[in-house]
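Please keep the sequence and the model at hand while reading.

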Amino acid sequence: MIDLLDKVIQDGVDRGLLQKSTSDDSLSSSELCIDGQKLVNFGSCSYMGLEFDERIKEATKKTVDKFGTQFSTSRTYLSIGLYNALESELSTMFGKPVIVSASTTLGHLAALPVLIEKNDVVILDLQVHSSVQMSAQILKSNKIPIHLIPHNDMESLETKIQSLQSTKGKIWYLADGVYSMYGDCAPLKELEDLLNKYDKFHLYIDDAHGMGWTGHNGVGYVRSQMEHHNKMVLVTSLNKSFAASGGVLVFPDDESWRKVKNCGTSLIFSGPIQPPMLGAAIASAQLHQTNEFRERQLLFQQKIEYTNKRIKELELPQYKVTDSPLFFIPVGLPRIILTIIKRMKKQGFFLNIAGFPATPMKRGGLRFMINNNLSLKQIDFMLTSLKKEYILGFYDEGSSMEEVAKLFKLKPFLLNHDIAVKEKSNPAKLTEEFHTSIKGVSSKEWNLMFSKFGSNEHQSLLELEQVFVDNSEAENNWDIQYHIIRDKQGNVVLASVYSIALMMDDLLNDRDVSAKIKLKRKEDKYYLTSDMLLSGTPFTKGKSVHVNYNHDDWREAVKLHVNMLQNLAETKEVSKLILRDFNTNQKDKLKNDLFELGLIDVQLPNNCVMRDMSWEGEEGLAKNLSQKYRYSLRKEILRREEVFLVNYDRPDSEEKKKHIFKLYQQVHSRSSDISVFELPYSLFERMYRSESYDFINLYLLDVSDKPIGVMISQIINGTYNAQLVGLDYDYVIEKGTYKQILYQTVKRAKQLNCSMVDMAYTAEMEKKKVGANPESTYGFVMALDHDSYAEIELMK
């Protein structure tokens, strides 16, 4: 995730749109300068516009004069008296005991590990703020079970409560009042009903974006919708509407207040809010409790209503229409968002990007906030400009509003706009072919592109089409399709095989995480599984996307192909789009183009290959190895070879066929490097009949009735592709059967005069001992939903 985030952020930095600084000598209004350009600021969360209030500024100055710039002592030992004054004002506002923390994040770190006890359990909303999720990691390290539910899904929440209430203590739900990306709100009436219905259910809610602009005395969105429940802890911020600094923890009772104050680690070991900001916060709290402030709230509410009204009149889309001052305009991919942001900057407006990883890669948008420093005229001018730049931005990027409506499940919008755009010509004039079976594609043409580079050759794909259809198990029904793009002369510029299949969401995750998930799958076979769209098939490997990089229009062909896949992914509601098995050179050619289309390059497990087949005999093989692996070959493999009997017989009875399948099942059940479903017996039956498959059967001399190891390989265009291994685990350690079957594999490939051995992924060290070399392999991934990713992250 760090690598992915780094790429996304760096792209915004390189475009001159992220990590910017103001160039003003001073600030005093809704305008600011960036790179010498004056912009109207629609990126401020200071909703009530109090940062320029003369009384708050004057209070800050006086506090500095009276108490200096710093009071550096842990609050456990000593607090400056200003803290007491501020907490007293806030307790009066909220009518409950409060603790002020140096930030909202530090407030979460103080409260959650104290409030949530040994037998308690936590349920997180999928979109709860990052600061809450960070604190949840501490809870996890304290052995507190963490569960995740889809965003604002109260049905899932109640189901979780019901399943946990008989075995757990308190059941805590962690959520936001107003969510910081999409600007939508928690369903507080339903949450209040659940608090009243279930004795063990407790609510911990972060209302940082709800503070100030609503609620009596500005106590925020949550308290504007419900009373402070006796099982609710409210956390909010002084950094936004309050125009100061710090976080506020609001407790339902004195006992929870006392315990957090005594035991909250960030209250003990972190520095306090410094005097200038305490002075500002006290003045702001006093202002919040005046009739003047209520008038400001009413004025601001009119601005929110006006903004919603103008957005509707201009036919701009919204993810969700709310009463909050935080607005999200759906767009899609980061590159389109950045283009529109850049266009708006040229028009004199500063807006925010809401995108990956806070949103799924293809469901980002424009995020802007309004505040009381903005005039209705400025809001109107910005929205009018946004309509034009929004339309032109999509035109620039070759996308459309229809695609946005489809992505976000919105009604069609901007159907009859009056913004003039010129239709772009397509000088490439590429044509596309779509095939639902490889039968419609010339085997000669296809194999020239694919058969030398993996197992996606024509006959193999035809056989897979016949095996993975009309099966009772969902995971054994694959939708295999083909896309070919040609130029005007009929030359292939791009060709690809791709599949939609049910896959395991922990496909390439950490072994310890997959082990935990595997335990849960004993009860629910389809736990953390989803449909994925991948190039190739779940069984084949190697080249699955052919690109003619020498063609002038290869980039246009790649764009056509990926756009088609993305549209298909959305239609079929898959969780991930994966293009796979590229070498380093191919990855470097494609990564910038695919990044623009929303796909991130990731390193896949190395592929182990023996390309030098010039050796003769075991000593010739040994000479090709390093001293370390030469020693291993001789000691661990060649010395033991005499206890084995090897033959290459194709199984000719049902008993032998079933035995080989059972050996494979033993290997599959123990594998945790790559999480995949068990392959069906019908595939093995197909391999038993196919002449392209070769079988290596490994017997013990003294137990020669049944093989204790088998390697099933496919010979394609001179390459010996080791595809499936089966082992009797009673002998793996004692007899070294896995190492032996690997050696017999390269030996058999040599015997058949193959030009290369492809030994696939994992077990690199063992494969190096028989002469294979690991080669870097890459994929490109787009996650279309975050649910499974977030749940897997919680398991780490």
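## Helix α16

In helix α16 (residues 443-450), the buried residues are W446, M449 and F450; buried means under 20% relative accessible area, exposed over 50%, and partly exposed in between, with a 1.4 Å probe and protein chains only. These three cover an arc of only 80 degrees around the axis, so they sit on the same side of α16; the arc is that of the directions from the helix axis to the C-beta atoms. An α-helix has 3.6 residues a turn, so residues three or four places apart point the same way. K444 and L448, on the other side of α16, are exposed.

The buried residues of α16 pack against α17 (458-467), β15 (479-486), β16 (492-504) and β18 (545-547). Contact here means heavy atoms within 4.5 Å. Helices (H or I, at least four residues) and strands (E, at least two) are DSSP runs, numbered from the N terminus.

## Basis of the values

The model is predicted, so local features need pLDDT of at least 70 and side-chain atom pairs count only at pLDDT 80 or more, while totals for chains, interfaces and linings use all residues. Residues are numbered from 1 along each chain as its sequence is written, and side-chain values use heavy atoms, with hydrogens and water left out.

## The seven-stranded sheet

Seven strands form an open sheet in the order β3-β9-β8-β7-β6-β4-β5, with mixed pairing; two strands pair if DSSP finds at least two bridges between them. At the edges are β3 (98-101) and β5, each of which pairs on one side only. From one strand to the next, the twist averages 20 degrees. Axes are lines fitted to C-alpha atoms, for helices over the stretch in contact, and angles run from 0 to 180 degrees between N-to-C directions.

V98 stands opposite V250 in β9. Helix α3 (residues 81-94) packs on the sheet and touches β3, β8 (232-237) and β9. The direction of α3 makes about 130 degrees with that of β3.

How many of the five residues of strand β4 are buried? Five of the five residues of β4 (residues 121-125) are, so the strand is largely enclosed by the rest of the structure. In a regular strand the side chains alternate between the two faces of the sheet. In β4, V121, I123 and D125 point one way, and V122 and L124 the other way.

β4 pairs in the parallel sense with strand β6 (residues 171-176) over four bridges, and L124 has L174 as its bridge partner in β6. β4 also pairs in the parallel sense with strand β5 (residues 146-149), over four bridges; there D125 stands opposite I149. Together, β4, helix α5 (residues 130-141) and β5 make a right-handed β-α-β unit. Right-handed means that, with the strands pointing away from the viewer, the path from the first strand over the helix to the second runs clockwise.

## The three-stranded sheet

Another open sheet has three strands in the order β10-β13-β12, with antiparallel pairing. β10 (326-332) and β12 (352-354) are at the edges with a single partner strand each, so one side of each has no neighbour in the sheet. The twist averages 30 degrees from one strand to the next.

Three bridges link β12 and strand β13 (residues 364-369) in the antiparallel sense. N352 stands opposite R367 in β13.

## Strand β24

Strand β24 (residues 719-727) has nine of its nine residues buried, so it is largely enclosed by the rest of the structure. Strand β23 (residues 709-716) pairs with β24 in the antiparallel sense over eight bridges, and the bridge partner of M711 in β24 is V725. The hairpin of β23 and β24 has two residues between the strands, and N717 takes a positive phi near 50 degrees.

β24 also pairs with strand β25 (residues 756-758), in the parallel sense over three bridges. Y720 stands opposite V757 in β25.
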